[in-house]
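Trainee: I would like to learn how to read ring contacts and strand pairing in a model. Please take one feature at a time.

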Amino acid sequence: MNIRSAWLLNGTPDGDGGQSRIDTRLAPLGAMTPSGALTSRDGVIPGSPNGDQTVSGLQVSGTAAGMSATVSPGRAIIQSTEVAGAYPVYVPEFTSITFADGDPGNPRVDLVVVRIYDNDQDASDKTAAVIEIVQGAPSPDPAAPSTPSGSLALAEVSVPAGASTGAGGIDWKSAVKDRRRVTVAVGGIIPRGWGLGFNGAYPGQYRDTGAGLERWDGSVWKPYPDPIPTWQNYTPKWGAENGPQPKLGNGSLTGRYIKVGNEVRFYASLRIGTTSDWGGPNRNGNWYLTLPVPPTVAISAHFRGRIGPTNNGAYYFGGCQAYRTGPNNRINGVADGTGIVRGWCCDDANGRPSSAWVDADHPITPTADNWYELWGTYEVNA
């Protein structure tokens, strides 16, 4: 099996004659993304002849009925233990591998790996880079075996029960699950390979998800650049600061908001239905609607309402207040830290400021199909 590795022969005991193999592996090489102080992200080097694939190297495939497959030429980095370092390897030509016949009673999943044997580090009594098949355990619900130390997984291959060359072999159209992951030089963008469930190595590292870029911020991967925010729906809660809580019945509550950085723009509305219970004079007062995100500081917002009977009601415009509830400004039935918009007010019909909240205590009694709208912009914690 014609597989090569780039580690060097040891120098002499006094340091003459070149680098030691440990020196070479622990020194930074071009295609190494760090995963620790002295470790590197292992993986296959990306690229394809026509640029139409993320990675074409070290691909496991079978083209004919039987138990044999091939591994395509390619290059890779294999991280062993921290003290052993990372091994650059390459496969210069197509390499054939043959799987053992299937178990008579149960299927199994085998793992194809590139593996490093280094007697100086693992006491394996050999020094070589090889392509190996790690055979899985037969089972009604088989799973691939673990990747051995000093190895890089290339593919999982499902071997049916009773499979053999004479019995039709392995169904190569569906048997291979690609396990190759990709690595690049430090600072490079890691292309999409097998799995996205890995942590970044340092804040500011980037990876390609297949649909866009993500940046590691030190704890999680985040889309990069930040996704353009869009308007979202939310359903506000209708309540009263004083007295019994109103009941929506067949009325409706709607809301929309957009969050850009530490700023939120919102719209909330209440429409009273024929079965809504909005109380009455001295029963409840100072209505509020909840906000999608609690404000950092209290701020004025806008109010508009259609109040009164259908035949002679009127439109009213005014203001309100958006703020976060807390120990010093508790509201009946609302937990501390909730964002609400309350204090709906407007001018009287004669244009003079009104001292009454626009609620069940307002001089113009609410009726079914009356509606109330609130909107504005406020600051939030980013």
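Mentor: A charge sits over a ring if NZ of Lys or CZ of Arg is within 6 Å of the ring centre and within 35 degrees of the ring normal. Here the charged end of R179 sits over the ring of W194, 4.0 Å from its centre. R306 has its charged end over the ring of Y315, 5.3 Å from the centre.

Trainee: What kind of model is this, and how are residues numbered?

Mentor: The model is predicted: local features need pLDDT of at least 70, side-chain atom pairs count only at pLDDT 80 or more, and totals for chains, interfaces and linings use all residues. Residues are numbered from 1 along each chain as its sequence is written, and side-chain values use heavy atoms, with hydrogens and water left out.

Trainee: How many aromatic pairs does the structure hold?

Mentor: A pair of aromatic rings is described by the distance of the centres and the angle of the planes. Rings of Phe, Tyr and Trp (its six-membered ring) pair if their centres lie within 6.5 Å; planes under 30 degrees apart count as stacked, over 60 as edge-to-face and the rest as tilted. The structure holds 13 aromatic pairs. One of them, W287 with W344, is edge-to-face, with 6.1 Å centre to centre and 80° between the planes. That pair links distant parts of the chain, W287 in strand β19 (residues 285-290) and W344 in strand β22 (residues 339-346), 57 residues apart.

Trainee: Are W287 and W344 buried or exposed?

Mentor: Both are buried (under 20% relative accessible area; exposed is over 50%, partly exposed in between, with a 1.4 Å probe and protein chains only). F303 and Y372 form a tilted pair, 6.5 Å centre to centre and 35° between the planes. This pair too links distant parts of the chain, with F303 in strand β20 and Y372 in strand β23, 69 residues apart. F303 is buried at a relative accessible area of 1%, and Y372 is buried at 0%. W238, W287, F303, W344 and Y372 form one aromatic cluster.

Trainee: Which strands does β20 pair with?

Mentor: Strands of a sheet pair through backbone hydrogen bonds, either parallel or antiparallel. Two strands pair if DSSP finds at least two bridges between them; strands (E, at least two residues) are DSSP runs, numbered from the N terminus. β20 (residues 299-307) is antiparallel to β21 (residues 314-324) over 9 bridges, and F303 has G318 as its bridge partner in β21. These two strands form a hairpin with 6 residues between them, and G308 in the turn has a positive phi of about 105°. β20 is also antiparallel to β23 (residues 371-379), over 5 bridges, where G305 stands opposite Y372.

Trainee: Which face of β4 is covered?

Mentor: In a regular strand the side chains alternate between the two faces of the sheet. In β4 (residues 68-71), A69 and V71 make up the covered face, S68 and T70 the uncovered one. V71 is the bridge partner of V60 in β3 (residues 60-61), which pairs with β4 in the antiparallel sense over 2 bridges. The hairpin of β3 and β4 has 6 residues between the strands, and G66 takes a positive phi near 145°. On β7 (residues 95-98), joined to β4 by 4 antiparallel bridges, T98 stands opposite S68.
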